[in-house]
Amino acid sequence: MSLFIYNSLSRTKEKFEPLHPGFVSMYVCGPTVYGHAHLGHAKSYVSFDVVVRWLRQGGYKVKYVQNITDVGHLTDDADEGEDKIMRQADLEKTDPMEIAQFYTRSFYEDMDQLEVLRANIAPAATAHIPEQIALIERLIKSGNAYEVNGNVYFSVNSFPGYGRLSGRTDQEALQSGARVGVRSDKREPSDFALWKKADERHLMKWNSPWSVGYPGWHLECSAMSMKYLGESIDIHGGGMENKFPHHDCEIAQSEAASGKPYVRFWMHNNMVTINGIKMGKSLKNSVNLKDLFGNIDPLVIRFFILQSHYRSQLDYSETAIKASTSGLEKLRETLKRVREQKSGSGLFDCAPFANRFAEAMNDDFNTPVAIAVLFELSKAINTALDHPEGISTESKKVVEKFLESAGRQTLGILNQDTSKSHGENRESEKKLGDVMHILLELRNEARKNRDFALSDKIRDQLLGAGIEIKDTKEGVSWAVKSGS
RNA sequence: GGCGAAGUGGCCGAGUGGUUAGGCAGAGGUCUGCAAAACCUUGUACAGCGGUUCGAGUCCGCUCUUCGCCUCCA
């Protein structure tokens with residue numbers, strides 16, 4: 001079974017084969033750290049997390065690099081423009097680097113909650129200024145870049161394939177749309193900055209051969225990708241909104257410098273919308289993850305995201321989240337039930353489900369279909385367990401193993417402990433278990449004596465306290481209800 | 001205006017030429033002391049209008065609507 005990935009560059013699904021057998025190099029555009037992460041970040045990084053996980057499940061050794069942009073991109077590419085991080089530092093009356101550090105930590109906290117695995121290397125842009133300067137020097141030498149008044153620009157006309165990724169290849173049209181009256185040193189309006197001279201009030205600046213300044217906003221990804229993964233990489237991921245200009249500029253500057261294809265597979269994930277409108281910090285409609293985690297289990301968010309395809313828009317609403325909460329609960333219950341099941345004699349064939357799951361994942365990471373397979377398995381296994389003969393220990397082990405690998409390792413939605421218990425809570429959890437044991441025994445006695453008033457009172461009051469009881473054929477089970 | 005994507009049953013969301021997506025919600029049932037959970041049953045959904053085809057949600061054309069990027073805003 002081979003893996004097919006939709007390549008944004010060719011706009012088709014292509015059979016994936018890495019440049020070096022068994023090894024995959026992958027780069028994903030990381031966040032600009034000037035605010036807390038929102039649901040849009042979650043969609044992007046959860047999606048690529050699953051890509052990495054599935055590649056690893058397939059036996060590849062994946063080197064995953066995801067940058068941290070800690071020097072603010074200018075809000076436009078003209079010679080004026082605001083630096084987002086600097087602006088936030090102004091607002092918070094502090095240092096840009098402190099802003100970057102603070103929100104970097106915040107980002108990782110949120111990603112940890114979502115069980116997004118850390119990248120192998122998370123390079124910061126500010127820690128790679130020499131590499132970026134070296135890349136600019138290469139581009140000047142090759143005739144693809146020019147310096148004017150301490151600024152360095154990439155000459156778009158020197159790179160014939162410019163705009164191929166986004167389909168914006170008509171430079172005439174692009175240029176006719178450029179603003180009139182902007183004072184610029186650029187030779188052509190569509191040329192983009194590689195290095196900018198800083199004015200006095202600019203706080204983040206470095207020495208360079210051209211001026212005291214700072215790197216252009218597309219440069220870091222090229223420089224760091226080439227440093228850690230080489231001049232040609234297998235997969236480059238990012239948000240669709242970055243196709244142009246960001247990724248097209250990356251391609252131009254990287255390929256002009258190296259003379260080699262920069263990226264073999266471009267992957268772009270779609271946006272999260274709220275009531276059909278893109279979620280964005282600048283639009284002030286973003287749903288911040290930390291707020292969301294207050295009411296909703298982070299893994300429900302992860303599950304919600306994976307229930308749609310990464311290339312589709314995902315519309316956020318409370319009813320949709322509620323539906324996902326119930327859905328994930330069902331899968332968790334199934335896994336729990338399988339684990340707690342006493343061995344029976346029935347046989348259960350898990351292989352068709354495992355095959356269909358793999359098929360879905362190999363079809364451009366079709367997680368919604370993969371999840372549908374898990375639901376179908378859930379139904380089938382519940383039916384089997386409802387039968388008096390149950391399932392054999394052997395069958396049970398196979399199902400458990402599959403759910404572990406598909407639900408937990410690949411999708412990251414079914415973990416070992418749904419309750420996420422931390423070390424310091426273990427003791428009290430054990431005590432809660434003992435107390436529950438006593439209560440349930442009392443309730444059982446009441447039921448035996450047909451004192452249903454008492455037994456129901458115990459059940460109802462426990463539910464009021466957030467503990468749900470279920471009477472199954474195998475006895476009573478209980479669980480702390482998570483989320484809202 | 002340019003480039004690109006999309007409109008699927010109450011809601012979310014797969015599917016790209018011919019047989020069930022899936023989840024949530026709703027209705028009926030089995031089980032249960034009653035519930036819950038689980039299971040069973042239950043939905044003539046593919047924006048509109050034409051066309052191609054033996055056959056279209058799926059291909060083509062047009063129309064309408066929505067979204068992203070560029071532009072504008074800065």
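Me: Where does glycine 167 lie in this predicted model?
Reply: Happy to start there. Look between two named elements, a strand and a helix. Glycine 167 is in the loop between β6 (151-154) and α5 (171-176).

Me: How many Å lie between glycine 167 and lysine 243, C-alpha to C-alpha?
Reply: Along the sequence, glycine 167 and lysine 243 are 76 residues apart. In space, their C-alpha atoms are separated by 9.6 Å.

Me: Is glutamate 115 buried, exposed or in between?
Reply: Buried takes 20 or more C-beta neighbours, and exposed takes 12 or fewer. Because glutamate 115 has 17 inside 10 Å, its class is partly exposed.

Me: Asparagine 149 is not a glycine either, so what is its phi, and is the residue buried or exposed?
Reply: Asparagine 149 sits in the loop between β5 (145-148) and β6. Its phi is positive, about 50°. With 10 other C-beta atoms within 10 Å, asparagine 149 is exposed.

Me: Which residues touch the most other members of the largest nonpolar core?
Reply: That core has 114 residues. Helix α1 (residues 39-57) gives the most to it, with 10 residues. Domain 1 (4-278) and domain 2 (318-410) each supply at least three. The residues with the most contacts to other members are Ala42 and Leu194.

Me: Which residues does leucine 194 touch, leaving aside those up to four places away in sequence?
Reply: Among its contacts are Ile136, Leu139 and Ala145, along with Val152, Tyr153 and Phe154.

Me: What is the strand order in the open sheet of three strands?
Reply: Start from the edges: β12 (277-278) and β13 (314-316) each pair on one side only. The pairing in this sheet is mixed. Reading across gives the order β12-β11-β13.

Me: In which sense do β11 and β12 pair, and what stands opposite isoleucine 274?
Reply: Strands of a sheet pair through backbone hydrogen bonds, either parallel or antiparallel. Strand β11 (residues 272-274) and β12 share two bridges in the antiparallel sense. Opposite isoleucine 274 stands isoleucine 277 in β12.

Me: Where is valine 369, and how far is its C-alpha from that of arginine 356?
Reply: Valine 369 is part of helix α12 (residues 367-386). Its 15 C-beta neighbours inside 10 Å are why valine 369 counts as partly exposed. Arginine 356 is 13 residues away along the chain, and the C-alpha separation is 8.8 Å.

Me: How is chain A divided, and what separates the centres of domain 1 and domain 3?
Reply: Chain A has domain 1 (4-278), domain 2 (318-410) and domain 3 (423-480). Taken over C-alpha atoms, the centres of domain 1 and domain 3 are separated by 54 Å.

Terms used
Residues are numbered from 1 along each chain as its sequence is written. Chains are lettered from A and ligands numbered from 1 in the order in which they are written. This is a predicted model: local features need pLDDT of at least 70, side-chain atom pairs count only at pLDDT 80 or more; totals for chains, interfaces and linings use all residues. A nonpolar core is a set of buried Ala, Val, Leu, Ile, Met, Phe, Trp, Tyr and Cys residues joined through C-beta atoms within 7 Å. Helices (H or I, at least four residues) and strands (E, at least two) are DSSP runs, numbered from the N terminus. Domain bounds come from an automatic or database domain assignment. Two residues are in contact if their C-beta atoms, placed from the backbone, lie within 7 Å. Two strands pair if DSSP finds at least two bridges between them.
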